[in-house]
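Here is my note on the model, point by point. Please keep the structure open beside it while you read.

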There are 2 protein chains.
Amino acid sequence: MGLSRRIAGFAADPGPLPDKVRAAGRRAFLNMVGCAIGGAGEAAIDRLVALLPAFSGPATTSLIGRGARADMLWAACINAAAANIFDYDDTHIPTVIHPAAPVGPAVLALAESLAAEGRPVPGTALIRAFVTGMEVTCRLGLALHPVHYTRGWHITSTCGTFGAALAAGQILGLTEAQMVDAMGHALAQNAGSVETLGTMSKSLSVGQAARAGLMGALLAQDGFTGPAAPLEGERGFLALHSDAPDLAAFDGLGQRWEVLQNTFKPYPCGVVLNPVIEACLALHGEGIDADRIARVTLTGHPLLRQRTDRPGVETGRLAQVSAQHAVAVSLLRGEAGLAAFSDAAVAGPLLRAFGSRLAFCDDPGFALEAAEVTLDLTDGRRITRRVEAAKGGLAHPMTEADLAAKLRGQIRHNGARLDADALIRALETIEDRDNAADFLALTRGATGE
Amino acid sequence: MGLSRRIAGFAADPGPLPDKVRAAGRRAFLNMVGCAIGGAGEAAIDRLVALLPAFSGPATTSLIGRGARADMLWAACINAAAANIFDYDDTHIPTVIHPAAPVGPAVLALAESLAAEGRPVPGTALIRAFVTGMEVTCRLGLALHPVHYTRGWHITSTCGTFGAALAAGQILGLTEAQMVDAMGHALAQNAGSVETLGTMSKSLSVGQAARAGLMGALLAQDGFTGPAAPLEGERGFLALHSDAPDLAAFDGLGQRWEVLQNTFKPYPCGVVLNPVIEACLALHGEGIDADRIARVTLTGHPLLRQRTDRPGVETGRLAQVSAQHAVAVSLLRGEAGLAAFSDAAVAGPLLRAFGSRLAFCDDPGFALEAAEVTLDLTDGRRITRRVEAAKGGLAHPMTEADLAAKLRGQIRHNGARLDADALIRALETIEDRDNAADFLALTRGATGE
């Protein structure tokens with residue numbers, strides 16, 4: 001059987017999900033909702049919402065963390081964009097994919113829309129579809145990694161389109177043949193470039209992944225057909241994106257679960273900055289005066305430098321992938337929340353000037369979740385702080401309490417008056433609910449209305 | 001100055017257009033409108049239109065060749081899909097791009113929308129923007145050709161997204177910086193795979209090119225910003241799609257014009273089939289009985305075989321890129337219009353069986369617009385017909401009368417009662433009109449209503 005058909009079969013029926021896989025799904029879903037609440041008030045989201053009066057159909061579906069509603073495709077698009085806008089969402093460690101943002105908003109918008117038609121989607125079904133879509137997203141990423149990302153593709157958007165299509169397809173009850181069609185439509189519409197990271201453009205590819213995947217599933221259900229082998233075809237997804245895709249990435253579907261390699265960020269930054277920030281926050285706690293720091297050296301995996309050596313950034317968005325800003329704000333101010341990566345925070349001349357004291361030292365022996373920060377002081381002293389396994393990594397995962405605290409922070413950042421306790425409880429118990437989308441009533445704030 | 005900025009400057013002000021360039025624009029526009037009329041009733045278009053009640057904003061804009069209307073983004077999307085659905089549209093010979101389908105519907109929908117707001121776009125401005133967008137589309141294709149297409153990218157969709165963004169941007173009067181932003185949004189959203197050709201999926205990438213380009217321009221106007229170097233950046237469009245993009249493709253912008261290499265198809269097929277069909281129609285005229293044909297050999301450029309060796313196709317869509325079907329229907333029936341490439345025509349057992357008698361002979365010495373068809377008859381005779389420059393190629397372009405006749409055929413295929421004379425006259429004189437979109441009143445038929 002061809003790969004596309006095999007994936008379609010898995011998406012149509014992934015079999016029983018182990019408890020820890022379901023838990024990974026619930027955690028990722030809660031984190032996605034929180035990130036969408038936190039991101040909902042960003043200027044890029046405002047500008048997308050400004051398109052709705054002219055370009056949305058009947059507004060049946062919720063924009064998370066805003067009072068506005070939109071049609072199902074726009075809700076999927078905008079919620080995905082909001083969930084990922086700060087890159088504060090989840091991270092599949094082997095591929096650096098953020099799997100929840102494209103997949104979760106697609107199935108959520110569909111579930112809310114179906115509920116309005118009197119066909120509510122139970123929480124178990126939503127989490128099952130969400131996990132399925134994330135799993136395929138991560139498997140596709142594994143098959144293409146690292147060539148795909150290195151060439152410059154935004155792997156969350158490209159692979160996530162397929163995950164969104166299949167997750168929505170599962171909720172719709174698509175046949176295997178229709179699942180293949182839906183993947184064909186994902187093939188026709190998936191896009192995303194690393195060059196757009198740190199700009200508003202990025203939100204378009206993430207939003208498109210959710211929208212195009214969902215639309216692909218809806219069209220497949222209606223007899224809109226596609227190619228027979230969208231994944232493994234001669235000019236299909238894998239061939240387009242890698243000279244040598246690793247087909248072993250698809251072994252053991254339903255037996256081993258890549259979603260268990262998914263992690264959650266404690267800081268709204270590129271995940272490679274986690275250990276750096278953790279070390280800098282600790283060093284800040286030691287009360288070293290900025291004027292006495294002559295030089296800061298970051299030692300870490302080469303990807304740390306490659307992805308975050310960005311001096312002189314001028315926007316909060318770029319600051320999230322700038323080691324210069326992350327070090328300055330966490331070391332000098334002891335801050336690493338959403339406010340620390342705002343446009344206003346970046347504009348501070350002291351922080352900007354401090355970035356020039358930063359040096360990188362590549363060491364391929366470092367894991368991605370490890371880093372060493374060395375301060376050379378003006379008096380000749382040297383202080384080093386090494387983090388072997390930053391919080392948020394696989395060895396030191398965020399706890400339920402950490403995730404709940406993170407969600408509370410997102411609500412604060414949003415500014416809407418939401419009942420955080422009720423929302424957290426609803427999301428933690430989503431699999432007990434007959435209508436998976438009913439928690440959305442708890443996310444309707446006043447932001448941007 | 002960087003490439004993106006240079007292209008942005010050209011898009012903002014391409015300078016005066018030579019008369020023959022404007023004529024190429026008018027011809028391509030007329031042909032695009034005709035193709036959209038002809039394609040408007042296809043099942044894939046019906047299924048996209050079926051999404052509109054749930055997913056379109058206020059229906060301000062025309063779907064060409066249908067009575068229905070949609071919001072501007074959906075109109076751009078669906079008209080682009082319809083214009084290209086039969087691959088009967090134009091072809092930029094050096095790259096095999098169909099430049100009009102993604103670009104024309106984007107600027108047309110914008111022009112109609114602006115007219116409704118009391119700001120009509122004159123025909124000269126529409127053609128100027130259309131030519132500009134097509135020109136950049138073709139230049140991008142040249143820079144990536146042939147690696148891009150060979151890898152499997154649907155070059156019309158990928159490059160066309162940028163053309164649509166810039167053409168819409170010119171109508172909107174975007175600044176150069178905004179034009180760069182719009183290209184960033186095109187980078188984030190462009191997609192398309194050759195694997196989808198012959199299936200409904202293909203229409204999604206072409207439609208998305210027009211929609212995403214137009215949306216990118218609208219967002220850029222509203223301060224939605226993107227990367228500084230979407231084309232030439234380290235992980236920008238050119239790097240993503242080629243190991244060695246040819247930057248000389250961008251020399252002489254505004255001085256030499258790639259749109260002059262754009263051609264129009266006499267048959268609704270892959271352009272490499274033009275000489276084959278022309279030869280087969282001539283052979284049909286000689287009245288050779290199908291039973292006496294033991295074998296048909298097609299000699300041509302290797303691309304002829306690579307793109308059209310598709311035996312046993314089961315849909316009209318795939319038949320358009322199947323030499324087996326094209327030869328059978330043109331040789332045995334003397335037909336090569338839209339009806340000859342319908343699902344019904346493909347279902348005929350005689351035509352299907354005949355395909356097995358076809359053989360290919362690669363000869364790199366053949367130009368793409370040349371081919372030789374050799375019939376080996378059961379009595380041992382051999383008949384050969386060679387076409388050096390098929391109609392529709394650069395050496396034998398479609399005349400104004402050919403284009404008008406083609407448009408009449410599209411109207412017949414559509415089935416709507418349209419005033420063909422008035423429509424042809426309106427399109428031929430579009431540059432004399434104060435409102436470029438007013439011809440749309442002449443395209444509103446009853447198809448699919």
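1. Start with two terms. Two strands pair if DSSP finds at least two bridges between them. Helices (H or I, at least four residues) and strands (E, at least two) are DSSP runs, numbered from the N terminus. With that in hand, look at chain A: an open sheet of four strands has the order E6-E5-E7-E8, with mixed pairing. Its edge strands are E6 (358-362) and E8 (382-387) of chain A, and each pairs on one side only. Neighbouring strands of this sheet are turned by 20° against each other on average, direction ignored.

2. A word on the source. This is a predicted model, in which local features need pLDDT of at least 70, side-chain atom pairs count only at pLDDT 80 or more, and totals for chains, interfaces and linings use all residues. Residues are numbered from 1 along each chain as its sequence is written, while chains are lettered from A and ligands numbered from 1 in the order in which they are written.

3. Back to the sheet of chain A. Strands of a sheet pair through backbone hydrogen bonds, either parallel or antiparallel. Strand E5 (residues 293-300) of chain A runs antiparallel to strand E7 (residues 371-377) of chain A, and six bridges join them. A:Arg295 has A:Asp376 in E7(A) as its bridge partner. A:Leu298 stands opposite A:Val373 in E7(A).

4. Which helix packs on this sheet? Helix H13 (residues 274-284) of chain A does, touching E5, E7 and E8 of chain A. Contact here means that the C-beta atoms of two residues, placed from the backbone, lie within 7 Å. The direction of H13 makes about 40° with that of E7(A). For such angles, axes are lines fitted to C-alpha atoms, for helices over the stretch in contact, and the angles run from 0 to 180 degrees between N-to-C directions.

5. Next, the hairpin of chain A. E7(A) and E8(A) pair in the antiparallel sense, over six bridges. A:Val373 has A:Arg385 in E8(A) as its bridge partner. Four residues lie between the two strands of the hairpin, and A:Gly380 takes a positive phi near 90°.

6. Now the strands of chain B. E5 (residues 293-300) and E7 (residues 371-377) of chain B are antiparallel, with six bridges. One pair of bridge partners is B:Thr297 and B:Thr374. E5(B) pairs in the parallel sense with strand E6 (residues 358-362) of chain B, over five bridges. There, B:Leu298 stands opposite B:Phe360. E7(B) also pairs with strand E8 (residues 382-387) of chain B, in the antiparallel sense and over six bridges.

7. How many domains? The assignment for chain A gives domain 1 (3-266 + 398-443) and domain 2 (271-387). Such bounds come from an automatic or database domain assignment. The centres of the two domains of chain A, taken over C-alpha atoms, are 31 Å apart. Twelve residues of domain 1 of chain A are in contact with eight residues of domain 2 of chain A.

8. Is A:Gly104 buried or exposed? It counts as buried, because it has 36 C-beta neighbours inside 10 Å. The cut-offs are 20 or more other C-beta atoms within 10 Å for buried, 12 or fewer for exposed, and partly exposed in between, with C-beta atoms placed from the backbone. Leaving out residues up to four places away in sequence, A:Gly104 touches A:Phe29, A:Met32, A:Ala83 and A:Phe130.

9. Then the two chains together. The contact takes 45 residues from chain B and 46 residues from chain A. H11(B) gives the largest share of the chain B side, six residues.
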